[in-house]
Amino acid sequence: MSRRYLFTSESVTEGHPDKVCDQISDTILDALLYHDDRSRVAAEVVVNTGLVLITGEITSKAHVNFVELARQKIAEIGYTDAKNGFCSDSCAVLVAVDEQSPDIAQGVTEAHEQRKSLSSDELDRIGAGDQGLMFGYACNETPELMPLPISLAHRISRRLAAVRKTGELSYLRPDGKTQVSIVYEDGKPVGIDTILVSTQHTETIGSITDNDGVQKKIKSDLWEAVIQPVFNDIDLKPSQESRFLVNPTGKFVIGGPQGDAGLTGRKIIVDTYGGYSRHGGGAFSGKDPTKVDRSAAYACRYVAKNIVAAGLADKCEVQVSYAIGVARPVSILVDTFGTAKVDEDKLLDVVKEHFELRPAGILQNFNLRELPSKRGGRFYQDVAAYGHFGRTDLDLPWEATDKVALLKDAFSSPLSGMTVGV
């Protein structure tokens, strides 16, 4: 029997208070790793009206100006008007940072002290810095192998920011949220049910001063300048039955940290797969890549994406778990939700054989500590908004599909006894 259902995912713009915190945290991380790639960083940020609090645990030889980094990022996001209650020039920035606990640090110290490529045996001696479980996911619903709802929600959020920054819709302000509900039939997306956009804006737009007129203007402009361009290159488009909701409460003038406090790591579902896949619970932003919450989640995405890109499954979720001080994962799970074209037990064996999931190996293969210095001091802050996965606008090592040929060969050789059915 055919099953029809809706699935919804949301995104937020870079001016959302939680995302402001994520971006400041990762700007600090970039700066520290740029000057000292062995920095241990767990940078947490809180924002509220007129206030930024930077806290956490940091151990580094680098000396950076946390206050100036925060102000620069806030200005880049677009909070430059003191009348809005949160401004890069006038907000108070408080710093209360400790060093990383030596009890936590000991699990990864050797990885940081080594300055050469590590052999496989040496990778075995470098344990995970903490326990935990991480997930990675991929599916063939979009070219970037992401679920369609979160892919569209991110597209709309990025476009919303773009038309604000270019001045095309100059009355928009930095804070905003998007939400997309997709119609599925038997696991396949077949329609757009609802598109929701909540965007901060000025109280008046030109000569339009009444609220009803302002909201009608915003809705019309967003449809023309944001929604239609987003769907230009997508086969599945909104229909006459699709709902388009804009600022459902009536207006959105007070926003950003003035409207709501923000906190690093509070948008982990936005950062990943929009709820379409499971999440281990650990946030990414502000954490240096020795933290498996971040690096192993990237590695799991890499595994899942290569499996789907190779045509071995339509959907794939990979889970790993770690024990503090132990290098090899405690467990590895590959789940294709019944869409595998090959034997799943064999697939797990191939993953174990060909993918590096030890923490130090992940760091080494993706160059996660060196990326900020190799890219001019800016890397992690760019994934702190609009998702860490499926980013066609960024060159991310965990988005590479360089294992596709290897995976296909593993299942097409005579010794495997199986042929990939793509």
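Helix H10 and helix H12 are roughly perpendicular to each other, because their axes cross at roughly 65 degrees and an angle of 65 to 115 degrees counts as such. This is a predicted model, in which local features need pLDDT of at least 70 and side-chain atom pairs count only at pLDDT 80 or more, while totals for chains, interfaces and linings use all residues. Residues are numbered from 1 along each chain as its sequence is written, and side-chain values use heavy atoms, with hydrogens and water left out.

**H10 and H12**

- The axes of H10 (residues 292–309) and H12 (residues 359–366) come within 10 Å, and H10 passes H12 in a left-handed crossing.
- On the H10 side, Val292, Ser295, Ala296, Tyr298, Ala299 and Tyr302 take part in the contact (heavy atoms within 4.5 Å), and they meet Pro359, Ile362 and Phe366 of H12.
- By residue class, this contact of H10 with H12 comprises eight nonpolar residues, one polar and no charged.

**H6 and H7**

- H6 (residues 148–165) packs against H7 (residues 211–230) at an angle of about 135 degrees, and their axes lie 9 Å apart.
- H6 passes H7 in a right-handed crossing, to which H6 contributes Leu152, Arg155, Ile156, Arg159, Leu160 and Val163 as contact residues, while H7 contributes Leu222, Ala225, Val226, Ile227, Pro229 and Val230.
- The residues of the contact of H6 with H7 fall into ten nonpolar, no polar and two charged.

Definitions and conventions. Axes fitted to C-alpha atoms, helices over the stretch in contact; angles between N-to-C directions. Helix = DSSP H or I, 4+ residues; strand = E, 2+ residues; numbered from the N terminus. Left-handed = near helix turned anticlockwise from the far one by under 90°. Nonpolar A, V, L, I, M, F, W, Y, C, P; charged D, E, K, R; others polar. Parallel < 35°, antiparallel > 145°, perpendicular 65-115°, else oblique.
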